[in-house]
Amino acid sequence: MSEGKELRSILATDCGSTTTKAILIEKQGDSYRLVVRGEAPTTVEAPFEDVTKGVLNAIMEVEELAGRKLLDGDKIIVPQNGTEGVDAYLSTSSAGGGLQMMVTGVVKSMTGESAERAALGAGAIVMDIVASNDRRLPHEKIRRIRDLRPDMILLSGGIDGGTKTHVVELAEIIAAADPRPRLGSSYDLPVIYAGNQDAIPEIEERLGGKTSLEVTENIRPVMERENLMPARHKIHDLFMEHVMAQAPGYKKLMSWTGYQTNSGWTSAPIMPTPAAVGNIIQTIAKQEGIQVVGVDIGGATTDVFSVFQDVFNRTVSANLGMSYSVSNVLAEAGLPNVMRWVPFDMDESELRNRIKNKMIRPTTIPQSLEELIIEQAISREALRLAFEQHKALAVGLKGVQQERTISDTFEQSSSGETLIDLLGLDLLVGSGGVLSHAPRRIQSVLMMLDAFLPEGVTQLAVDSIFMMPQLGVLAEVNERAATDVFVADCLIRLGTAVAPIGKGKEGQTALKATIQLPSGAQHVEVPFGSMVRLPLAVGETANATFEPQGKLDLGSGPGKSLQTELVGGVGGIFLDCRGRRPFEIPTDPASRIRKLTEWSDALEVYPKEHATASA
Amino acid sequence: MIKNRTPLPASPSSAKRLALSACSGLVLFLGLAALLATSAAAAVPGLVVRDNPDDRGEAILVEWDGEAAGDSVRVERAESEAGPWVMRRALPGSAARFVDQGEGGPERGKTYFYRVNGQVLSATPTAQWWNKGRTNLFLILALYLGLIMVFLNIARKGGSLFIRKIAGLDAMEEAIGRATEMGKPVLYVPGIDDANNIQTIYSMAILNSVAKMVAQYDTELIVPLAKAFVLPLAEETVRSGYMDVGRPDSFRADNIRFLSDEQFAFTAAVNGIMLREKPAANLFLGSFFAESLVLAETGFTTGAIQIAGTANIHQLPFFVVACDYTMIGEEFFATSAYLSREPMLVGTLKGGDMMKLVIMVFLVVAAIAATMGHSEAFRSLLVIR
């Protein structure tokens, strides 16, 4: 955090694989606001091979749009002097594939999973987990490490005072693999040891000479507790020292990043993009005391972030995306699952051809309404699968002793249950082209409702121009500035969804609502299997009383009423009585098309003539 | 039984006595005549003598019309029509039937004559291949075996057979994983009953799966035993588990320990192991009695993950409160199929479950029918002769 001196203006960039995005934030009155945004192609690869060129191009666009001088030749003007320059320049990076790591643990579902969470939380892509019980023979593990060539390895295993033999065995496997780093050949592969502290001498003996070994605190000092932060900090440090330093132009970029304090200019680290996104989501969850899920759906990967019970989790679904990985979405979800979101008849081969075309021409965007509907159908499945994977990793600790009472005789919950509680979810934030750039915001609403199936009362939002990475790194320096911009300029509030859990009879009243809208009180009865949209603008709130009928539940108990405050958005309020647990779509094509069209019309998702247009 | 009587020689000295004798003879004659007349009048209506059906040929069934018969019915038997007649039973007329069997009963293939209140009929006992009185039992057995065969076939063909989640069994790997991470052994107690107890046998099947897991995780397994006969069984079970996963070198015979067949001496010794060696996972799977709470409480204080399973339902409350996971009753017997997923075991388990479902449905329907006053139809279905 900045000490004492208030930052007047902040320039932040995010160096992505294809585009470098720059934003300019200024203090206006008491709060910070986004001024302009600029972007330029990333120049980390040939022919430029210097990331700073793309950064300067993006900043030049910001200069032009903002009408103020930020650059002095090839240098950013710091600190701010009158209207020239900025008080802080910060950056994130995912260029060159981001940080790719391998992690190890003794038991895959225990220290292996803790190591995975530590690496993912630090913004890495976890290429593989090597564990003592992964049923692979030592030579297979060695070959795997050699083949993958990670940027870094996180070696963990055993609690403090626990097993030594297994951890030392893992170290011997790494030593035998003698892995070389992916970028650069002049340095040793960074290995972070975060396992049983009693085994440190043996680990140093085996890896000290062969790798750039760094020892930190155990990520699982006891079975009952994780200690991930020291390992995450170490990953960030090594990411800067080793990985970033090897990427073209990053040494120069690292020398630019920093911010003005009372004691002068303080350098700031470049963060991996996903770590920065996670950071801003954690910050918001902490500040507002809410439970949040965030998703960033890209072309090749989909990142899901969540904060439940103050526990932050992040997962990367490396093969789920909307362009390069779109065929894999089809393979994993299956054609019937994609087709169930398409509100018109379509030949199976035609759908396959469209999807393959998107894969080989990843930069194309839908040219017709039909193409848009198909793309959004696929995105629902990509998001659903990514969220399923997230739920599987965002779990409580396994291997922890339980305390029972006699009432547990017939229902014994097991440890390691998912932390994701959709009923307790307060805010769902979507990001990525298909969500942020949907022609109608209401399309993003329906995509998120269909993919995540939020329960109870949940606010929905999308990231307007994907500036969460920049705000994440800014939160490290100035939390207030980051949250001000996040709330005012980053998030586009879509509205609030109200979805009771349970199953009812099609057509029978499922929910009675009395909502005090600014235009007056409105009484609504929503039949089961239907959706209703009510207007409530951005910045407006409305008190509401809901009476779920029968055994439907909004969180107060089956059939019990709920009083709550609804927050408005560009979409308004969405009363979703299509059922949860289970959520069902008719399987026969005619009924499916009828229901999808009915829902689409109720929310005004697509132009009404789409059915005839498609037919 | 009537026997011929020779007249007494007349005394030459007493004519009066002779006259008295003549009177007596007349009375006797009249009495006999009356008796014969009565017998003829009491001929048993509806009398049938035949081979007793559905048996192995060692009984003859005598039936008559119970309502029309007189006060009493005498059943005599002879091997020829001429006799001699042997009294088999005297019954009230309302009894309506008599099965001549058991001690002194007829022999298979031999013809017997029955005189029932003087009326003579014959029958030959023969053996039947099919006992129609037990057809219901056969059908139930056929249904049970059929269900098992069907599910066995499905399992062998790789069909997916759903077995509901049993938290205790899913936690088995977790418990062993915990022991591995902590560098501590796994303790497996297969109950205190002998090798002929079904729970001990099932426990050995589970021990095999546990031994495989432990060998894969390369951690230590301690098996204390209360019965000497179980020792070789347990030793071989664990050894084969280690061999199955290719780690025979990790097997330690010393860890399969016979402690004592005295209940509380054994309990004290197991507590000693828990307190000294601090296993990170305690598995109590088998037949347990009063020692259950002592063992489970001690294990809890050492901080171990504990999984218990027993069919001795009186011990379940103690295990439930002191263990992390407890398998109750049938769950314990499903364990080996759940863990191994072998088609033979899974198919048998599913077949058994389905049969239980059939019985439950039958009981519900029968209870409803009985409540509505139609219990006879169901009762007759269940009668076994």
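Me: What volume does the largest cavity have, and what makes that space a cavity rather than a pocket?

Reply: In this predicted model, the largest cavity has a volume of about 100 Å³. A space counts as a cavity because a 1.4 Å probe fits there but cannot get out, whereas a pocket is open. A search of the whole structure finds two cavities of 30 Å³ or more.

Me: What makes a residue part of the lining of the largest cavity, and which elements give two or more residues to that lining?

Reply: A lining residue has an atom within 4 Å of a point of the cavity. Among the residues that line the largest cavity are A:Trp341, A:Arg380, A:Asp450 and A:Trp599. Helices H12 (369-393), H14 (441-452) and H17 (589-603) of chain A each give two or more residues. H17(A) gives the most, with four residues.

Me: How many residues of the lining of the largest cavity are nonpolar, polar and charged?

Reply: The lining divides into seven nonpolar, two polar and three charged residues. A:Tyr606 lines this cavity, and Tyr counts as nonpolar.

Me: Which residues line the second largest cavity?

Reply: From chain A come A:Ser132, A:His166 and A:Glu169, and from chain B come B:Gln216, B:Tyr217, B:Asp218 and B:Arg247. This cavity holds about 40 Å³ of space. Its lining divides into one nonpolar, three polar and three charged residues.

Me: Why do strands E22 and E25 of chain A stand at the edges of their sheet?

Reply: Four strands of chain A form an open sheet in the order E22-E21-E24-E25, with antiparallel pairing. E22 (520-527) and E25 (562-567) each have a single partner strand, so one side of each is left without a neighbour in the sheet.

Me: What makes E21(A) and E24(A) a pair?

Reply: Two strands pair if at least two bridges are found between them. E21 (residues 509-517) and E24 (residues 541-548) of chain A have five bridges, in the antiparallel sense, so they pair. For A:Thr514, the bridge partner in E24(A) is A:Thr545.

Note on methods
Residues numbered from 1 in each chain as written. Chains lettered and ligands numbered in written order. Predicted model: local features only at pLDDT ≥ 70, side-chain atom pairs only at ≥ 80, totals over all residues. Heavy atoms only, no water. 1 Å grid on protein atoms, 1.4 Å probe; cavity = no way out; pocket = protein on both sides within 12 Å on 5 of 7 lines; lining within 4 Å. Points joined across faces, edges and corners; volume = space filled by probe spheres on them.
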